[in-house]
Amino acid sequence: MKILHELIKKPWLTPGADVGADLGAVALRRPTIAATGLWIYVGVATVMFSLIVAAYVLRLGNYGADPASAADATSSLGWWTLAALCGIPLANDWLPMAEPWLLWVNTGVLILSSIAWQVARGDLRHGRMDKLRVALIAGGVLAFAFLAGQLTVWRQLIADGYFAAASPANAFFYLITAMHGLHLLGGLLFWGRATAKVMRGAEAAEIGTGVNLCTVYWHYLLVIWIVMFGLLLIT
Amino acid sequence: MTYTTIAEDTRALHHPKTWVGKYVWSQDHKVIAVQYSLTAIGVGLVALVLSGLMRLQLGFPGMIEFITPQAYYQFVTMHGMIMVIYLLTALLLGGFGNYMIPLMVGARDMVFPYVNMLSYWVYLLSVIVLMASFFVPGGPTGAGWTLYPPQAITEGTPGASWGIILMLASLGIFIVAFTMGGLNYVTTVLQARTKGMTLMRMPCTVWGIFVATILGLLAFPALLVAAVMMMLDRVIGTSFFMPSIISMGEPLAHSGGSPILFQHLFWFFGHPEVYIVALPAFGIVSDLISTHARKNIFGYRMMVWAIIIIGVLSFFVWAHHMYVSGMNPYFGFFFATSTLIIAVPTAIKVYNWVLTLWQGDIHLRTPMLFAIGFIFTFIHGGLTGLFLGNVSVDVPLSDTYFVVGHFHMVMGVSPILVVFGAIYHWYPKITGRMWNATLGQLHFWITFLGTYVIYLPMHYLGLLGVPRRYYEMGETEFVPASAQWANEAITIAALTVGVAQLIFFYNMISSYFRGPKADPNPWGATSLEWQTPKTPPEHGNWGPTLPTVYRWAYDYSVPGAAQDFIPQNVPPDGAARDRDM
């Protein structure tokens, strides 16, 4: 752990030492500045999604508890134990939501979008700018298709009477998909920037950081989506 | 891009030609810092006036007609929220963080100047949305700064129609602004330090702001999630936090939600928030004490580790705000223990500040007075925290004025004293002018002594059992009539201290125009911000080449040195210090 090594230094003993050292490199392996920014942001977003998951679990109430012991769900161990510890009364209003098949399609589309980015990254590394263009556009279009698909799911669910106010399961579904969608939309801003540059005929070096970091971000959002989708499926 | 190309290339800086480009849509961290600070202080003055009005009601009930019970709760809410988030967080991180980080680590600017500019403007938007709630039907929310549901959004609470919506929206916007700023502060510290500026050569100020920013980045998402969920409960009728409830004789459409869930989310943010405010203050006060006592900070590594440990622990204590909300006793035991453990690194810091003063060459200039004043108020507030951290002591004291006295001492007055000290300390660098020392001392003594007149009696009132948040006391068996005398005295002191702040503003404003020209390094300080080629520093900070750092930030009174300080960018002259020290 380089950082720990750094933190036990006694700086008052060594005036003049470490001067040639390349600052940040002393402490951490140095990815580019933008990459550091992205990783920090990924940390922030992870905390946010984790807290939503925590709230989700705490709000499940006695859903899934053995009906025989439903009156006293605290007697058996499950996710309701956490709520009981936190002093949150166990609600019994959790109605599982419909799981439209379109969600599976959307998940597939998001996976394809991530793959397109991975391909773009490979093209970039080998300097295949023509192919890069195709991959970039595919990545972006697929992401838009995913968002359109999610909106369609929303419309179907609302048409079927799954209003947000009707059950906490519905409310969490809309909250999670909206938060995830907004994050993807933010990523598409950077996609737009990179794509515009490539269309203008930018060199690989100019857009390298953008493409690499977008790929990371897309994979990250894919993982988040799969975790969230899994959570929706099992409850 | 490697570090050197960014650092040495001044052309990469955005150099606007127009006045608007330089001072309004500026990407210079120093201008953004001043924008952040002035906005925060401006909105803080609103909160100060609100506290004066609250005190008038408490000291002289019914004297002012427009302070109705509703208005009182709105004042309480807005005062708390503004002071904690829109003043202290914005000023310490957006203001001091922006100004100090690049200068202290030897960078030309923040690493993402455009995002930094955006951060300020989004912050300003959040302030405008918040202030707009004073002008909507029903006025601002009166839910208390903790915004606990269900009452925050049920009818009957002031501002339940519009005020709460604007409050939640404003918080969301603020968090976006903070995240943009925070990404900058953390990345700049990690990636843009100049040659030789190892992590352990950074001044404590940078350490405090750095760790506080990380806390903010990890804690504010909890507030965001809570705000979004409450907004959905309020606007589209979901039941995240709303239980089945009968309001105004009618059952509401909500069911099954848990107000306790909100409390957990809120305090998962709310407790680290205390340290988001406190850690920068810890860092700044360390530098102030060391500089003005002409001694190296005692136990520098301990100070840094304590900041980090406090930061980590602050995420494991949140439920100590909820002892009376009801939770499993094991939970209460856990949180009481973790809370008391935080006292250890905190006490280390206090001892080290005192030991830094020990046998120091203490110069009682205004910034130093504020720093020492901070040690007093912080010890005081910290000790009452030991009372409240224990479940069994907290239960009877909770919701009394003891709590009000405690948190105002520890996270209201203490950081504010540091803010004043810091402004006096860095004012010569920021403006190039020197303030009036007599007025500075006068400002300090009125503020510091006034603090004790205001908050000490509150502890006593709390022990008597005077409940907080009450518009007026009415008759009780246990509160003697003399409690009202204390309330009157507190009010008179609070108004005096409030008005005395005009001395500070007069001093700052008149010195800006007529103050004597300041020396570039009037205190003989070692850290980099005092070594800039120009005062105030220009855009780009360092002229053609970046400074190189050879030593830590605390080489004061080094034996054998010509002066009683050696700046960080002075190379060792061969007469190196005794290695055994």
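**Chain A, fold pattern.** I read chain A along its sequence and got α-α-α-α-α-α-α-α. I counted 8 helices and 0 strands in chain A. I am working from a predicted model.

**Chain A, spread.** Next I looked up how far chain A extends. Its radius of gyration is 23 Å. The globule rule gives 18 Å for 235 residues, so chain A is more spread out than a compact globule. I also took the box along the principal axes. The C-alpha atoms of chain A fill roughly 70 × 55 × 25 Å.

**Chain A, domains.** I noted three domains in chain A: domain 1 covers 1–30, domain 2 covers 33–85 and domain 3 covers 101–234. I checked the centres of domain 1 and domain 3 of chain A over C-alpha atoms, and they are 40 Å apart.

**Chain B against chain A.** I turned to the contact between the chains. On chain B, 59 residues touch 47 residues of chain A. Which elements of chain B give two or more residues to this side? I found α6 (163–191), α7 (204–235), α8 and α9 (300–313) of chain B. The most comes from α7(B), with 9 residues. I sorted the residues on the chain B side: 34 are nonpolar, 18 polar and 7 charged.

**Chain B, α8 with α10.** I then followed α8(B), residues 259–292, to α10(B), residues 329–357. Their axes come within 9 Å and cross at roughly 15°. Angles under 35 degrees count as roughly parallel, so I logged α8(B) as roughly parallel to α10(B). The crossing of α8(B) and α10(B) is left-handed. From α8(B), I listed B:Phe282, B:Val285, B:Ser286, B:Ile289 and B:Ser290 in the contact. From α10(B), I listed B:Lys349, B:Trp353, B:Thr356 and B:Leu357. The residues of the α8(B)–α10(B) contact divide into 5 nonpolar, 3 polar and 1 charged.

**Chain B, α4 with α8.** I looked at α8(B) again, now with α4(B), residues 69–105. The axes of α4(B) and α8(B) come within 10 Å and cross at roughly 40°. I therefore logged α4(B) and α8(B) as oblique to each other. The crossing of α4(B) and α8(B) is left-handed. On α4(B), the contact residues are B:Val84, B:Leu88, B:Thr89, B:Leu92, B:Leu93 and B:Phe96. On α8(B), they are B:Glu273, B:Ile276, B:Val277, B:Pro280, B:Ala281 and B:Ile284. My tally for the α4(B)–α8(B) contact is 10 nonpolar, 1 polar and 1 charged.

Methods: Residues numbered from 1 in each chain as written. Chains lettered and ligands numbered in written order. Predicted model: local features only at pLDDT ≥ 70, side-chain atom pairs only at ≥ 80, totals over all residues. Domains from an automatic or database assignment. Axes fitted to C-alpha atoms, helices over the stretch in contact; angles between N-to-C directions. Helix = DSSP H or I, 4+ residues; strand = E, 2+ residues; numbered from the N terminus. Parallel < 35°, antiparallel > 145°, perpendicular 65-115°, else oblique. Left-handed = near helix turned anticlockwise from the far one by under 90°. Contact = placed C-beta atoms within 7 Å. Nonpolar A, V, L, I, M, F, W, Y, C, P; charged D, E, K, R; others polar. Rg over C-alpha atoms; globule rule 2.2 N^0.38 Å.
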